[in-house]
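Trainee: Could you walk me through reading strand pairing in a new model?
Mentor: Gladly, let's look together.

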Amino acid sequence: MSAHMTGAARRARAEAVRIRRATARDAKRLTKLVRDSRAYQGPYAPMIAGYRVGPDYIETHEVFVALGADDRVLGFYALLLAPAELDLMFVADAAQGLGVGRLLIEHMIGAAADTGISAVRIVSHPPAEGFYLSVGARRIGTVPANPPAVTWDRPELMIQVT
């Protein structure tokens with residue numbers, strides 16, 4: 001489907017998406033989604049080289065996965081509670097532009113609100129900044145590069161929960 005779908009088509013497609021708490025059994029599929037992401041090719045590749053979303057990470061953090069009607073992983077996010085930060089958020093390349101990211105952000109805001117969090121920090125992958133701004137985040141600064149894995153500055157944003 002085109003990234004330029006109508007709102008009605010996007011909503012219809014989004015209705016087939018189910019978000020649930022990730023389990024340790026999801027670890028390999030989440031790791032594959034991260035490693036296969038086109039957003040982290042070229043100069044961004046070192047950041048995810050060897051990256052792993054392990055069962056231990058899933059069990060100790062607020063990790064939620066978006067699944068399609070066929071149980072295919074469409075995306076996921078990880079919310080750290082103290083301090084409140086969106087640690088990971090990935091949408092499968094094939095699901096880009098279908099509203100999955102927006103559904104994950106809405107879910108994350110609800111999950112954060114349920115725990116009493118009023119705002120969530122986001123250190124964004126530079127190409128994703130526009131997406132976060134479009135879902136209500138505001139830029140609050142820049143996180144400097146941290147070589148060797150992160151050799152570029154990253155936008156720092158905040159999204160209000162309440």
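Mentor: Two strands pair if DSSP finds at least two bridges between them. Helices (H or I, at least four residues) and strands (E, at least two) are DSSP runs, numbered from the N terminus. This is a predicted model, in which local features need pLDDT of at least 70, side-chain atom pairs count only at pLDDT 80 or more, and totals for chains, interfaces and linings use all residues. Residues are numbered from 1 along each chain as its sequence is written, and side-chain values use heavy atoms, with hydrogens and water left out.

Trainee: Which residue of E7 is the bridge partner of Arg 139?
Mentor: Leu 157 is that partner. In E7, Leu 157 is also the bridge partner of Ile 122.

Trainee: In what sense do E5 and E7 pair, and over how many bridges?
Mentor: Strand E5 (residues 119-123) pairs with E7 in the antiparallel sense, over five bridges. Strand E6 (residues 138-143) is likewise antiparallel to E7, with five bridges.

Trainee: Is strand E7 mostly covered or uncovered?
Mentor: Buried means under 20% relative accessible area, exposed over 50%, and partly exposed in between (1.4 Å probe, protein chains only). Strand E7 (residues 154-160) is mostly covered, with five of its seven residues buried. For the chain of 162 residues, 43% count as buried.

Trainee: How many helices and strands does the chain have?
Mentor: There are six helices and seven strands. Their order from the N terminus is α-β-α-α-α-β-β-β-α-β-α-β-β.
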